[in-house]
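Me: I'd like to learn how to read a structure like this one, feature by feature. Could you walk me through it?

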Amino acid sequence: MITPELEVIAVDDRSQDSTGRILDEFAAVHPRLGVVHITQLPAGWLGKPHAVQKAYEASNGDWLLFTDADVRFKPDALRRAIALAKARNLEHLTLMGDVEMVGFWETVLITFFGMAFNIAIDPIAWPIPIHALISGLARSNSSSAPAYEASGTHRRLAMEVVDDMKLGKIVKQSGFRSGAGIAQDFVLVRWHAGLGNLIRGVTKNFFAGVGYSVAVVVIAVTVFCS
């Protein structure tokens with residue numbers, strides 16, 4: 001099996017614990033790991049888009065994968081994703097993995113968020129339905145570097161709360177082929193642990209995810225409660 005030319009860029013964004021030191025120690029013995037330390041957030045940026053932009057600027061790859069540190073990938077997930085993108089002639093691929101839900105409230109709130117998301121967008125309108133292997137919502141976006149650069153990078157998404165969703169949008173608007181597929185347990189995340197974290201996470205992402213539409217919020221709540 002050929003070893004892929006993989007590099008990992010980890011961004012330590014103003015952490016106040018031992019994250020930066022741990023990453024630097026790892027990077028000292030793992031040449032594929034690069035670390036970016038952010039100490040200040042410039043005006044006109046939200047934290048995540050800025051961190052992603054700085055990671056991109058430190059990268060050298062032909063394909064870029066944007067993901068969070070708490071997302072768990074099976075060892076062959078990335079190889080399969082790139083193979084799928086190339087087979088379908090895609091320049092952007094969103095990966096829809098499984099969400100680990102623990103307890104009653106995580107199940108209820110995450111299910112509600114997923115339902116509202118599907119009301120807000122039209123999944124059937126995606127140009128290429130991919131149901132065999134890998135797809136994604138907001139947890140793993142992969143894009144060819146030329147498509148990402150030509151679409152304006154995260155500089156166009158500097159103040160976007162749901163930058164991952166908007167990345168697919170600007171890639172398509174720029175004329176590149178974008179697709180989605182089902183990853184299932186190839187990509188796994190526990191979105192927010194505990195009721196308090198869930199409320200904060202859903203509050204932040206839900207309204208932004210439906211395009212700040214009060215009408216969509218009302219419809220989603222009505223359907224969910226009926």
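Predicted model: local features only at pLDDT ≥ 70, side-chain atom pairs only at ≥ 80, totals over all residues.

Me: Which side chain does E100 meet in a salt bridge?

Reply: The general idea is that side chains of opposite charge can pair when their charged atoms come close. Here the partner of E100 is R72, with 3.3 Å from N to O. R72 is partly exposed too, because its relative accessible area is 41%.

Me: Where in the chain do E100 and R72 sit?

Reply: They come from distant parts of the chain, 28 residues apart. E100 belongs to the loop between β5 and α4, while R72 is in strand β4.

Me: How many salt bridges are there by this rule?

Reply: The count is ten. One of them joins R80 to D76, whose closest N and O atoms are 2.8 Å apart. R80 is partly exposed at 36%, and D76 falls in that class with 27%.

Me: What is the closest N to O distance for E160 and K166?

Reply: That salt bridge has its closest N and O atoms 3.0 Å apart. With relative accessible areas of 23% for E160 and 22% for K166, each of the two is partly exposed. Salt bridges can also share partners, and in that way K48, D163 and D164 are joined into one network.

Me: Is D163 buried or exposed?

Reply: D163 has 3% relative accessibility, so it counts as buried. You'll find D163 in helix α6. If you skip its neighbours within four places in sequence, D163 is in contact with K48, P49, H154 and L157.

Me: Let's zoom out. How many helices and strands does the chain have?

Reply: Look for eight helices and seven strands. The chain has 226 residues, and 37% of them are buried. Its accessible surface is about 12,700 Å², with 60% of that belonging to carbon and sulfur atoms.

Me: What share of the contacts join residues at least 24 apart?

Reply: Take the contacts between residues at least 6 apart in sequence: 79% of those join residues at least 24 apart.

Me: Now the sheets. In what order do the strands of the five-stranded sheet come?

Reply: When you read a sheet, go across it strand by strand. Here the order is β3-β6-β5-β7-β4, in an open sheet with mixed pairing. β3 (63–67) and β4 (72–73) each have a single partner strand, so they stand at the edges and one side of each lacks a neighbour in the sheet. As for side chains, in a regular strand they alternate between the two faces of the sheet.

Me: How many bridges join β3 to β6, and which way do these strands run?

Reply: There are five bridges, and the two strands run antiparallel.

Me: Which way do β1 and β2 run?

Reply: Those two are parallel, with six bridges joining β1 (residues 8–13) to β2 (residues 33–38). V11 has V36 in β2 as its bridge partner.

Me: Last topic, backbone angles. What is the phi of N89?

Reply: Most residues other than glycine have a negative phi. N89 has a positive value, near 55 degrees. N89 lies in the loop between α3 and β5 and is exposed, because its relative accessible area is 55%.

Me: And where is Q184 found?

Reply: Q184 is in strand β7. Although Q184 isn't a glycine, it has a positive phi of about 50 degrees. Its relative accessibility is 47%, so Q184 counts as partly exposed.

Definitions and conventions
Residues numbered from 1 in each chain as written. Heavy atoms only, no water. Pairing = 2+ DSSP bridges. Helix = DSSP H or I, 4+ residues; strand = E, 2+ residues; numbered from the N terminus. Salt bridge = Lys/Arg side-chain N within 4 Å of Asp/Glu carboxyl O. Buried < 20%, exposed > 50% of the residue type's maximum accessible area, 1.4 Å probe, protein only. Contact = heavy atoms within 4.5 Å. Areas by Shrake-Rupley, 256 points an atom, 1.4 Å probe, with all protein chains shown as cover.
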